Structures are given as structure tokens and as C-alpha cells.
Amino acid sequence: MTAGLIALAAALAVAVAAGFAWQRANGRLRSVRTHGVGTHGPGARASGTGPLMTGAELGEPLGQRATLVQFSTAFCAPCRSTRRILDEVARMTDGVAHVEIDAESHLDLVRRLDIRRTPTVLVLGPDGRIAKRATGQPRKADVIAALGNLALLPTDQIGIEESDSEPGRA
């Protein structure tokens, strides 16, 4: 009986720790690692940059300064909120485009870019290189900060609209 309770407590502790770790990582924009995934030809990858995407792959031209790419599916509830956030950021920043891609209709891109869930958001630089990536719904402030890291926004715009943040998220 005691061994069963200890095993149950240990399993519960592991599940709670995993849940907190998942919640902390959900929607966070992270720099893209370069493991050769999704690059176009030799020399297409520079040190510290991600895979390259083109306007032809997206079905729309790249933004002049940056492109926010969102992979969505029809029944994804957080995708609607993510679409609203990315549209707002793209409208408030000159030269930034927002492109939404139906993951089910573009399985070649999903496989090439290792998209495992929706929404997945990619922040592309002006040349189409993936600079940042988030799985889950990103906060508006994080998207603005990612664009700021690309030197697109003055630093006084970074962190505005904190009301769009999830409560309790640091």
C-alpha cells in the first residue's frame, strides 16, 4: 500500500513539473537553431540564422522588413487569437506582413520546417530567413520584441499592449 502511494505521488510530481514546463514554453518566441533543416542549397545558411523561406512557398510576397508566418488548422481555437495578434502587429509596423498558412494543405512545408502543432509562428527577416519560432499562442509583446530584435522597431514600442498578455505569464 505504501509503495503504491509513493509511486502515485512521484507520478503526480512528474506530471505537475511537466505541465509547468510546457506552460512556460508555450507561445515563447525562441531563436531558431541551425541543424540543416529547411535550408536551400549549399551556403544558404549563415551562422546563427535559420532556414530560408521564399514568397513562392508562402503564396504571398515577403514583407519588406519582416514577415510573420502562422501555421494554422481549421479547428485550432488558439489560431484565431494568434491571427488577431499577428494582424495587429503587422498593421502597426510598416513593412511587416502577416501570412497564415493552412498546415493541412501545405504538408511539404510542415514536414520541412518540423511543424508539430498549431499555431506555430515564424518570424522571418527581410531575406526570408527564420529568426524566431513559437509553438502555441505568442503574446503580442513577445512578437513586438522579436521584431525589435530584428532592428525594426524603436525600443519605446517594445512591451506595449501588455493587456494582451496572459495573466500570470512572466
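1. Contact here means heavy atoms within 4.5 Å. On that basis, and leaving aside neighbours within four places in sequence, His98 is in contact with Glu60, Leu68, Gln70, Arg83, Leu86, Asp87 and Ala90.

2. The model is a predicted one, in which local features need pLDDT of at least 70 and side-chain atom pairs count only at pLDDT 80 or more, while totals for chains, interfaces and linings use all residues. Residues are numbered from 1 along each chain as its sequence is written, and side-chain values use heavy atoms, with hydrogens and water left out.

3. The protein has five helices and five strands, taken as DSSP runs numbered from the N terminus (helices H or I, at least four residues; strands E, at least two). Along the sequence these elements follow the pattern α-β-α-β-α-β-α-β-β-α, and of the contacts with a separation of 6 or more, 68% are between residues 24 or more positions apart.

4. The accessible surface, from the Shrake-Rupley method with a 1.4 Å probe, comes to about 9,400 Å², and carbon and sulfur atoms account for 57% of that area. Of the 170 residues, 39% count as buried, that is, under 20% relative accessible area (1.4 Å probe, protein chains only).

5. His98 lies in strand β3, which spans residues 96-102, and it counts as buried because its relative accessibility is 15%. Its side chain makes polar contacts (a pair of N or O atoms within 3.5 Å, one able to donate a hydrogen and the other to accept it) with two side chains: that of Asp87 at 2.6 Å and that of Gln70 at 3.1 Å.

How values were computed:
Buried < 20%, exposed > 50% of the residue type's maximum accessible area, 1.4 Å probe, protein only.
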